[in-house]
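Subject: Structure handover

Hello,

Here is the structure you are taking over. Please open it alongside this message; the findings follow below.

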Amino acid sequence: MKKILSLILVLGMVLSLAACGSGSVSETPAASEGEEGSSAETAETENSGEESSDGKNQIALLISSVSSLDDKAFNTACWVGMNRFCDENPEYTCTYFQPTEDTVEAQVSICDAAVAGGAEFIVVAADQFKVSLLEMSRAYPDVKFLSIEAAPQTIDGEVFIEDNVQVVTYKAEQSGFFAGYAAVKEGYRSLGTIGGMAVPGVIQYMYGFVKGADVAAEEMGLDDVTVKYTYAGNFEASPENQAKAAAWYQSGTEVIFAVAGVMNNSIFAAAEENGDVVAMGCDANQNEISERIVTSALKDTENTTYNGLAAWKDGTMETGKTVELGSAEQACGLAMDGARFQNFTQEEYDSLFERVANNENGIADSIPDDSAYEDPTQIPVNAITLDFIK
C-alpha cells in the first residue's frame, strides 16, 4: 500500500485530513459535537488504491465532524458509490475529508484542501454543510458539487443553487413509513424511534415511521399500539446512548427504529443485551451488523453518488437544480435482503411499496415530511398512542 503524506494547510487553522483511495472502508472516529476551538490534529492514513498519474484525487467526499466514514450507513454508502465508480473508471481516484468541528470556516477549509489536492468533483454528504456549501460553490465555479440532502443557503436561510451544484433529496418519510408499517404487521405493539438530532433527514424518517405504524394499526383494527419518540441530541456511539435505548427495552419497548448515524450501534448493542427485542437500521442495509436488526429503512445514496459521477463523466449531469427521489424512483424502501421478519412477508411489502410508489388513494401524499409539523405530536394519528419525549 502507498502512504499519503499528511497535507497541512495554513488557513487560520489546522484541519484534520483523512484520505483514502478505492478499497475497504477504514475506521474513522467521529468528533464530539459542539466542540469549540480552532485547531485539530492532522491525520495520516493509508491509500488502498492507485494514485492518478498526476498524483491527484479528482473526486472528494466531505463528511461532517459529528459523523464517521465507517458509519455503515449514509457516509459509507456514499463512499462505496464513489469507489465503485473509480474501480470502473481507473483514470479517476477519490479521497475524503472531515473537519474536527462543523463551523463554516472549518468546512470551507476542507473544501480548499480538496481542490488543492486536485478535486474536480466534490460530494457533500451532510446537512451541516448548507451554509458553507454556498461559499464553496461560488469560490470554485469550475468544480462540480453533488450535495446530498443539503441545499446551499445563506446564513439567513435563503437558498441559492449555483450552476455547478446538483442537490439530491430523498423522500425518507416513505422509507420510515415502510418501517413503521412493517413493525406493526410483524406483530410488535410497543414501538420506539430514537433520532440523533432534529435535522430534516432524521425527522423525515421518524415522522414516516409514526404514520406507517398508525396506518397498519388502523388497517388491523388495533388500539394497543404505542410509539415512543425522542431525539438523543447527538450522533455518537456512547455508553449513555446505549443506556437510553436499554432503558426503553427494559420498560417494554419491543422494537426501536434507530435514526442516528453512528449512534445506531449503541441501539443495536442495547438490543443484543436486553432479551427478545429488535432494532431497525436506516440509510443503508444494516441488517448484517447484528442478528437483532429486523430490517433497515433505505435511501439509495450509493447509487445516487455513483450515478452523479457517471453523469458528470458523460457530460449529462443536471446542475443548478434539486432532484427529489422516492419510492417511485426506486430510491427509498426497506432492506428485505437479510431481513428477519417472521410474519411480514415479501408479498405484503411489494404490495405496500407499489401503493406508495404509485400514490394509490393519496397514500404517499398522506405521509408527513419534515416540513409538515413543528413536532410529532401534531401528526394526525387514528389508531396509535404517541409519546414524544423531549
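Setting aside neighbours within four places in sequence, L191 is in contact (heavy atoms within 4.5 Å) with G180, A183, V184, F209, A213, V225, T226, V227, K228, T253 and V255. Before going further, note that this is a predicted model, in which local features need pLDDT of at least 70 and side-chain atom pairs count only at pLDDT 80 or more, while totals for chains, interfaces and linings use all residues. Residues are numbered from 1 along each chain as its sequence is written, and side-chain values use heavy atoms, with hydrogens and water left out.

The cores

L191 is one of the residues with the most contacts inside the largest nonpolar core, together with F257 and L334; this core has 52 residues. A nonpolar core here is a set of buried Ala, Val, Leu, Ile, Met, Phe, Trp, Tyr and Cys residues joined through side-chain atoms within 4.5 Å. Buried means under 20% relative accessible area, exposed over 50%, and partly exposed in between, with a 1.4 Å probe and protein chains only. Elements giving two or more residues to this core include α4, α5, β11 and α9. Helix α5 gives the most, with 11 residues. Apart from this core lies another, of 28 residues, among them F85, C86, L325 and A331.

The protein as a whole

There are nine helices and 15 strands. These are DSSP runs numbered from the N terminus: helices are H or I with at least four residues, strands E with at least two. Of the 390 residues, 56% are buried. Among contacts with a separation of 6 or more, 73% are between residues 24 or more positions apart.

Because 17 of the 21 residues of α5 are buried, the helix is largely enclosed by the rest of the structure. G221 follows α5 and has a positive phi, near 70 degrees.

The axes of α4 (residues 172-186) and α5 come within 6 Å and cross at roughly 40 degrees. Axes are lines fitted to C-alpha atoms, for helices over the stretch in contact, and angles run from 0 to 180 degrees between N-to-C directions. The residues of this contact of α4 with α5 divide into 12 nonpolar, seven polar and four charged. For these classes, Ala, Val, Leu, Ile, Met, Phe, Trp, Tyr, Cys and Pro count as nonpolar, Asp, Glu, Lys and Arg as charged, and the others, Gly among them, as polar.

Two single residues

D283 lies in strand β11, residues 278-283. D283 is buried, with a relative accessible area of 9%. Leaving aside neighbours within four places in sequence, D283 is in contact with A73, F74, Y205, A297, L298 and K299.

Y92 sits in the loop between α1 (74-88) and β4 (94-97). With 16% relative accessibility, Y92 also counts as buried. Beyond neighbours within four places in sequence, Y92 is in contact with Q58, I59, F85, C86, W312 and K313. The C-alpha atoms of Y92 and K56 are separated by 9.0 Å, and the two residues are 36 residues apart along the chain.

Regards
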